[in-house]
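I opened this entry to keep a record of what I looked up in the model, in the order in which I looked.

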Amino acid sequence: MPVVVTAIFHPAEGKKDQLIEALQATMPAVHEEDGCLLYAIHDAQDGTVTMIEKWSSAEALEAHSKGSAVEALGKAVDPFISQPTTVTTMTPIAAGNAERGLL
C-alpha cells in the first residue's frame, strides 16, 4: 500500500529563497531511494513550502526517514526554517475514478 506524506516547511523571515535552494540541492538523492514515487516541493499561498511525497510502502518510507539523504536534507534546511517542519503521514482512501481518486 502506498504512503503519502506532506512536509510543511516554515521559512524564517527573508529566507524562503535559500530554503527552496537547499531543498532543490538535496532532493535528487531522495529521488534515487528505493520506493520513492514522488518527492516534490510547492510554494504555498500561506508563505510555507510544502513537500508532497509518495512512497511505495511504509517500509520504504521508514528506510527513507532513517537514511543519509533525509539527514542531509534536514541539515541543509535547518538554518532557513523558523520552526520544526510539520510532517503528516497518510494512507490513501480510494474514491471515484481510480486514476483521479488516489494520489
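**Annotated span and ground rules**

I began with the UniProt record, an unreviewed entry, which places the feature "domain: ABM" at residues 3-90; UniProt positions are given in the numbering used here, feature names are shortened, and annotations may be inferred rather than shown by experiment. I noted that this is a predicted model, in which local features need pLDDT of at least 70 and side-chain atom pairs count only at pLDDT 80 or more, while totals for chains, interfaces and linings use all residues. Residues are numbered from 1 along each chain as its sequence is written, and side-chain values use heavy atoms, with hydrogens and water left out.

I then looked up the ends of residues 3-90 and found their C-alpha atoms 6 Å apart, the span being 39% helix and 31% strand; helices (H or I, at least four residues) and strands (E, at least two) are DSSP runs, numbered from the N terminus.

**The whole chain**

I listed 3 helices and 4 strands in the chain, and along the sequence I read the pattern β-α-β-β-α-α-β. The radius of gyration is 14 Å, which agrees with the value near 13 Å that a compact globule of 103 residues would have; the radius is taken over C-alpha atoms, and the globule rule is 2.2 Å times the number of residues to the power 0.38. Along the principal axes, the C-alpha atoms fill a box of roughly 40 × 30 × 20 Å.

I recorded 34% of the 103 residues as buried, where buried means under 20% relative accessible area, exposed over 50%, and partly exposed in between (1.4 Å probe, protein chains only). Among contacts (heavy atoms within 4.5 Å) between residues at least 6 apart in sequence, 68% join residues at least 24 apart.

**Helix H1**

I turned next to helix H1, residues 16-31, whose 16 residues reach 22 Å from the first C-alpha to the last, close to the 22 Å expected at 1.5 Å a residue; the expected span is 1.5 Å times one less than the number of residues. Where does H1 kink? I found a kink of about 30° at Ala25, shortly before the proline Pro28, the bend being the angle between axes fitted to the seven residues ending there and the seven starting there.

The buried residues of H1 are Leu19, Ala22, Leu23, Thr26, Met27 and Val30. I noted beside them that an α-helix has 3.6 residues a turn, so residues three or four places apart point the same way. I traced the packing partners of these buried residues to strand S1 (3-9), strand S2 (36-43), strand S3 (49-55), helix H2 (58-65) and helix H3 (68-77).

**Single residues**

Ala40 is found in strand S2, and, leaving aside neighbours within four places in sequence, I found Ala40 in contact with Met27, Thr50, Met51 and Ile52.

Glu59, which lies in helix H2, counts as exposed because its relative accessibility is 58%. I noted finally that Glu59 and His31, 28 residues apart in sequence, are 16 Å apart in space, C-alpha to C-alpha.
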